[in-house]
Amino acid sequence: MNPMLEGMLETALYARDLDKAETFYEDVLGLEKIARAANRHVFFRCGPGVLLIFNPEETVKPPAPEALQVPPHGTIGQGHACFRVSGRNIDAMAERLTAAGVAIESEVRWPNGGRSIYFRDPDGNSLECAEAKIWGIEQEI
C-alpha cells in the first residue's frame, strides 16, 4: 500500500500566556519564529515542520467573515509534543534547558537503545526530545 500521508506537517500546543511561550520556544529551545498574531497564536519553524502555539481562549472563537475560515479548535489541559533530536545533541539540549532553569523531569533509555528527555514548557505542556530510533526510524534529517 502506498500511503498518501507523507508525514506530520504541523503540531499544535496550547498556551494561555503567549508571551512566555514565545520566549521559551524562541530563546530557550532556539526555534525560529515564523509569525505571531496578537494574543491568538505564535508559530515556529521546527525542522521540516511547524510548531503552532495557540491561545485556547482565542481559537475557540469562530473566524470573522473576512478572515481565513479555519474552524474553531482547542483543547483543555496540557498536551505533549516530541522533538526529534540526534543522540549526539540530547546532552547538549539537556544542558541548555538546565542553564535556562528548566528541570529535566525524566530521562528514558528505551529498550531499542534510543533515548528521551522530558521537560515542561511554561504552560505545563509535556515536551520530549528523543532520538528517532525510539520509533524504529534510523535516518537522520
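Me: What order do the 4 strands of the open sheet come in, and what is the pairing?
Reply: The order is 5-8-7-6. The pairing is mixed. Keep in mind that this is a predicted model.

Me: Which strands stand at the edges?
Reply: Strand 5 (80–84) and strand 6 (106–109). Each has a single partner strand, so one side of each has no neighbour in the sheet.

Me: How many degrees are neighbouring strands turned against each other on average?
Reply: 20 degrees, direction ignored.

Me: In what sense do strands 6 and 7 pair?
Reply: Antiparallel, over 4 bridges. Strand 7 covers residues 115–120.

Me: Which strands does helix 3 lie across?
Reply: Strand 7 and strand 8 (126–130). Helix 3 covers residues 87–99 and runs at about 20 degrees to strand 7.

Me: OK, on to packing. How many residues are in the largest nonpolar core?
Reply: 25. Tyr25, Leu29, Ile53, Phe83 and Leu127 have the most contacts inside it.

Me: Which elements give two or more residues to that core?
Reply: Helix 1, strand 3 (41–46), strand 4 (49–54), strand 5, helix 3, strand 7 and strand 8. Helix 1 gives the largest share, 5 residues.

Me: What does Tyr25 contact, leaving aside neighbours within four places in sequence?
Reply: Among others, Leu13, Phe44, Leu51, Ile53, Phe83 and Leu127. Gly30, Leu31 and Asp121 are on the list too.

Me: What is in the second, separate core?
Reply: That one has 5 residues, including Tyr14, Phe43, Val50 and Leu52.

Me: Switching to cysteines. How many disulfides does a search of the whole structure find?
Reply: 0. For Cys46, the nearest cysteine sulfur is that of Cys129, 8.9 Å away.

Me: Last thing. What is the mean pLDDT of the chain?
Reply: 93, and 96% of the residues reach 70 or more.

Me: Where is confidence lowest and where is it highest?
Reply: Helix 2 (residues 56–59) is lowest, at a mean of 94. Helix 1 (residues 18–28) is highest, at 98.

Methods: Residues are numbered from 1 along each chain as its sequence is written. This is a predicted model: local features need pLDDT of at least 70, side-chain atom pairs count only at pLDDT 80 or more; totals for chains, interfaces and linings use all residues. Side-chain values use heavy atoms; hydrogens and water are left out. Two strands pair if DSSP finds at least two bridges between them. Axes are lines fitted to C-alpha atoms, for helices over the stretch in contact, and angles run from 0 to 180 degrees between N-to-C directions. Contact means heavy atoms within 4.5 Å. A disulfide is a pair of cysteine sulfur atoms within 2.5 Å. pLDDT is the predictor's confidence in each residue, from 0 to 100. A nonpolar core is a set of buried Ala, Val, Leu, Ile, Met, Phe, Trp, Tyr and Cys residues joined through side-chain atoms within 4.5 Å. Buried means under 20% relative accessible area, exposed over 50%, partly exposed in between (1.4 Å probe, protein chains only).
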